[in-house]
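Please open the structure in the viewer and keep the selection tool at hand. The stops below each begin with something to select.

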Amino acid sequence: MTTRPGEAIRVRGLEKSFGDLHVLRGTDFAVARGSIFALLGSNGAGKTTVVRILSTLLRPDAGSATVEGFDVVARAADVRESISLTGQFAAVDDVLTGRENLVLVARLRHLDDVGRVADALLARFGLTDAARRRVATYSGGMRRRLDIAMSLVGDPPVIFLDEPTTGLDPQSRLEVWNSVRELARQGTTVLLTTQYLDEAEQLADRIAILHEGRIIANGTLADLRRLLPPAEVEHVEKQPTLEDVFLAVVGTGTAVAAAGRTRVEEPR
Ligand SMILES: Nc1ncnc2c1ncn2[C@@H]1O[C@H](COP(=O)(O)OP(=O)(O)O)[C@@H](O)[C@H]1O
Ligand SMILES: [Mg+2]
């Protein structure tokens with residue numbers, strides 16, 4: 001399988017079943033290097049399954065995927081060198097301080113100058129003032145930011161964030177969003193999964209909707225809005241929200257037929 005230049009991730013015809021449950025049924029998408037890509041889907045749609053395959057934790061039954069040009073099955077070790085994965089539940093140690101958590105990870109990765117690495121990440125994620133406090137005293141948003149910072153030790157070019165803000169309060173979500181934007185600004189490719197439409201709307205350069213094992217829509221927010229029939233003009237012209245689009249494409253009826261006709265192409 002070939003990866004086009006500029007693509008950090010390429011997924012083709014991915015299939016995965018658990019027993020009789022056919023979760024992925026030919027999932028295809030590509031993620032441009034340095035962009036934020038949101039994989040949007042309801043609970044149980046298969047988002048985590050995709051992320052686990054891309055991070056080499058799970059083998060696909062069929063189809064293929066590359067990360068930074070490396071096949072996730074044949075070149076699993078190279079893929080692991082290129083990525084970091086932050087799951088839904090923060091992997092930080094409560095008993096340690098924020099700085100100690102970062103130093104620990106930097107040591108595990110055999111980096112030089114672990115203190116400098118830790119301090120730079122603390123500054124980047126706005127945690128310098130809290131650096132020497134135990135994580136047990138952190139807010140949910142601070143923990144999540146520390147978790148993301150820990151996953152960046154060693155500067156992986158690709159980061160997977162599996163539902164990064166699930167369970168966070170609104171203020172903490174905003175903090176995490178800012179951190180994710182900052183990641184992409186510095187050139188990291190971000191694939192995030194979410195079931196929150198506003199999160200995809202706020203953060204993502206491209207949004208793909210995973211439904212019944214396939215990507216049923218894939219494009220920029222503007223592309224996805226065009227899947228819906230033109231807005232009706234009354235007194236003001238109302239842009240469809242991502243929620244309108246999502247409900248139309250995952251639902252049944254005429255809106256789906258319209259969406260099917262104008263299906264957005266993958267990036268070239
Ligand atoms: N290891 C597993 N064994 C059996 N079923 C699984 C396993 N992992 C996931 N599933 C099932 O596959 C479906 C998709 O799961 P998942 O990828 O976690 O969805 P999402 O992350 O979109 O919520 C769910 O119905 C889930 O229960
Ligand atoms: Mg999940």
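Select Glu212, which is partly exposed, with 13 other C-beta atoms within 10 Å; a residue is exposed with 12 or fewer such atoms, buried with 20 or more, and partly exposed in between, C-beta atoms being placed from the backbone. Glu212 lies in the loop between strand E9 (206-211) and strand E10 (214-219). Although not a glycine, Glu212 has a positive phi of about 50 degrees. Most residues other than glycine have a negative phi.

The model is predicted: local features need pLDDT of at least 70 and side-chain atom pairs count only at pLDDT 80 or more, while totals for chains, interfaces and linings use all residues. Residues are numbered from 1 along each chain as its sequence is written, and chains are lettered from A and ligands numbered from 1 in the order in which they are written.

Next, select His110, in the loop between helix H3 (98-108) and helix H4 (114-124); helices (H or I, at least four residues) and strands (E, at least two) are DSSP runs, numbered from the N terminus. His110 also is not a glycine, yet has a positive phi of about 60 degrees. It counts as exposed, with 8 C-beta neighbours inside 10 Å.

Move to helix H6, residues 170-185. Its 16 residues reach 23 Å from the first C-alpha to the last, close to the 22 Å expected at 1.5 Å times one less than the number of residues. Which residues of H6 are buried? They are Arg173, Glu175, Val176, Ser179, Val180 and Leu183. These residues cover an arc of only 160 degrees around the axis, which puts them on the same side of H6; the arc is that of the directions from the helix axis to the C-beta atoms. On the other side of H6, Pro170, Gln171 and Arg185 are exposed.

Now select ligand 1 and the residues around it, among them Phe18, Leu21, Val23, Lys47 and Thr48; a residue is near if its C-beta atom, placed from the backbone, lies within 6 Å. Helix H1 gives the most to this shell, with three residues.

Finally, select Val67, one of the residues that touch the most other members of the largest nonpolar core, which has 53 residues. Such a core is a set of buried Ala, Val, Leu, Ile, Met, Phe, Trp, Tyr and Cys residues joined through C-beta atoms within 7 Å. Helix H9 (residues 242-250) gives the most to this core, with six residues. A second, separate core of 20 residues includes Val117, Tyr138, Ile148 and Val153.
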